[in-house]
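Here is a quick tour of one fold, written for reading alongside the model. Keep the viewer open and follow along.

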Amino acid sequence: MALLASCAGSATLTPPPEAASTRPAPVESTPAPPLPAPIRAALAPAARGPDVRVGLEVGAGPVTLGGASAFALTEPDGALLALIAAGDQVTAEPQGATLLLHLPGRDASVESVTLTPDEGGLARVDGKEYRGALVLLPDRTGLTVVNTLGLEDYVASVVTAEMGRRDIQDEEALRAQAVVSRTYALRNMGRWRSQGFDLYGSVADQAYGGAATETPLSRDAADATRGEVVTYDGAPIDAFFFSTCGGRTARGTEVFHAADRPYLQSISDRDAAGAAYCRISPRFEWTQSWTGAALRSVLRKTLPEVAGVSAAEADRVSDLRVVRRSESGRVEQLGIQLGNREVLIDEPQVRLVLRTPDGSALRSALFTLTVDRSGGVIRRVVADGNGAGHGVGFCQWGAVGRARAGQEYHEIIAAYYPGTTVERLY
């Protein structure tokens with residue numbers, strides 16, 4: 001895959017996806033114990049690392065399987081169902097508790113099916129190509145499509161899906177992301193076991209695009225850091241990350257009550273001259289505004305779910321104010337005046353209540369509010385903000401800025417997760 005030309009500078013680079021700033025965080029889990037010696041021993045000889053099962057689709061309708069190379073279809077017990085020639089396609093659709101496969105010349109009903117391409121080939125589902133194997137399972141509303149592949153191949157795809165297409169000056173940032181993403185995957189392995197996979201292939205866990213999002217630099221980032229994870233007291237950390245901090249990260253408990261970790265501190269993310277490392281982010285500064293009518297429309301949708309307020313009462317909004325800020329300067333509590341009473345909203349619900357008119361979560365909680373009222377009625381509200389995402393842990397655009405300032409990936413990781421160690425597991 002050709003890498004984007006680097007001569008035009010940062011203006012030509014693809015930024016990390018907007019959705020990466022709004023991912024839910026796995027904070028309800030307990031701290032991971034150190035990996036037992038037998039597991040470490042089992043990982044040691046693995047060139048690709050352990051396999052990871054990535055949920056690509058849940059509740060899907062009919063899907064088309066194929067590939068540029070030949071592939072085998074096998075049943076759950078390993079029995080060969082069919083050998084499919086290169087270029088041929090198979091369609092699978094849900095049929096109650098089974099799958100109906102439309103094979104060349106015949107149909108077959110199976111409990112599940114695994115597609116394994118010839119060695120070195122890629123598996124294809126609905127036109128998208130993936131390394132490893134594809135597994136199709138019936139679920140309550142359709143099909144679940146799972147990609148099973150080696151962890152290192154997974155990381156090589158995630159790096160670009162999360163960080164965008166970069167150039168060589170950002171190499172150390174990509175390596176830092178590779179270590180963070182590998183850590184996240186190992187720490188959360190089996191998170192969705194009940195659904196038949198380990199991790200979602202989306203910002204519900206980490207963005208993942210299969211073979212299409214690999215680049216020479218993302219592959220190098222995975223290879224150069226092979227087997228490395230971030231640990232604290234010998235255990236993989238809860239590797240929180242997000243798009244843009246705006247100059248200071250947030251303490252874990254500022255945003256998530258269960259994220260009380262020694263390494264999730266609020267740190268200044270500025271250089272010696274006081275400039276934020278993430279200032280190059282297109283989301284470093286932003287403005288969001290609502291007309292009075294647009295604000296009422298948003299609150300009618302968000303307040304009933306978050307605060308148990310009826311849509312009719314939400315329509316009586318007459319004022320907004322910042323009640324309390326966290327140590328990092330983010331809005332920790334928002335007050336919304338509804339008639340004669342004030343409803344208090346705590347972070348992280350603040351960003352979910354003050355959604356944009358198109359329904360997206362507010363980019364970050366690091367903002368100031370200006371409210372224009374006339375005759376007791378809100379005419380316009382403006383939020384002037386910095387950054388994107390929850391702000392806890394690793395700042396992706398800050399990592400890019402640090403890499404361009406000459407920092408190596410170990411330094412970048414140590415800055416965002418103080419007190420941790422980068423350890424090679426295999």
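## The sheet

Six strands make up an open sheet, in the order β7-β6-β5-β2-β9-β10, and their pairing is antiparallel. Two strands count as paired if DSSP finds at least two bridges between them. Strands are DSSP runs (E, at least two residues) and helices are too (H or I, at least four residues), both numbered from the N terminus. At the edges sit β7 (106-110) and β10 (128-130), each pairing on one side only. From one strand to the next, the twist averages 25°.

Zoom in on one end of that order: β9 (residues 123-125) runs antiparallel to β10, and three bridges join the two. Look for Val 125, which stands opposite Lys 128 in β10.

## What you are looking at

This is a predicted model, so local features need pLDDT of at least 70 and side-chain atom pairs count only at pLDDT 80 or more, while totals for chains, interfaces and linings use all residues. Residues are numbered from 1 along each chain as its sequence is written, and side-chain values use heavy atoms, with hydrogens and water left out.

## Helix α2 against α3

Now for the helices. α2 and α3 pack with their axes 9 Å apart, at an angle of about 120°. (Axes are lines fitted to C-alpha atoms, for helices over the stretch in contact, and angles run from 0 to 180 degrees between N-to-C directions.) That angle makes α2 oblique to α3; the cut-offs are under 35 degrees for roughly parallel, over 145 for roughly antiparallel, 65 to 115 for roughly perpendicular, and oblique for the rest. The residues of α2 that meet α3 include Leu 151, Tyr 154 and Val 158, and those on the α3 side include Leu 174, Ala 178 and Leu 186. Contact here means heavy atoms within 4.5 Å.

Glu 152, in helix α2 (residues 151-163), deserves a click. Is Glu 152 buried or exposed? Glu 152 is buried, because its relative accessible area is 1%; buried means under 20%, exposed over 50%, and partly exposed in between (1.4 Å probe, protein chains only). Its side chain makes a polar contact of 2.8 Å with that of Arg 182. Such a contact is a pair of N or O atoms within 3.5 Å; within protein, one must be able to donate a hydrogen and the other to accept it, and residues adjacent in sequence count only if both atoms are side-chain atoms.

## Helix α3 against α9

Helix α3 (residues 171-187) also meets helix α9 (residues 396-404): their axes come within 7 Å and cross at roughly 140°. α3 and α9 are therefore oblique to each other. Glu 172, Ala 173 and Gln 177 of α3 make the contact with Gln 396, Ala 399, Val 400 and Ala 403 of α9.
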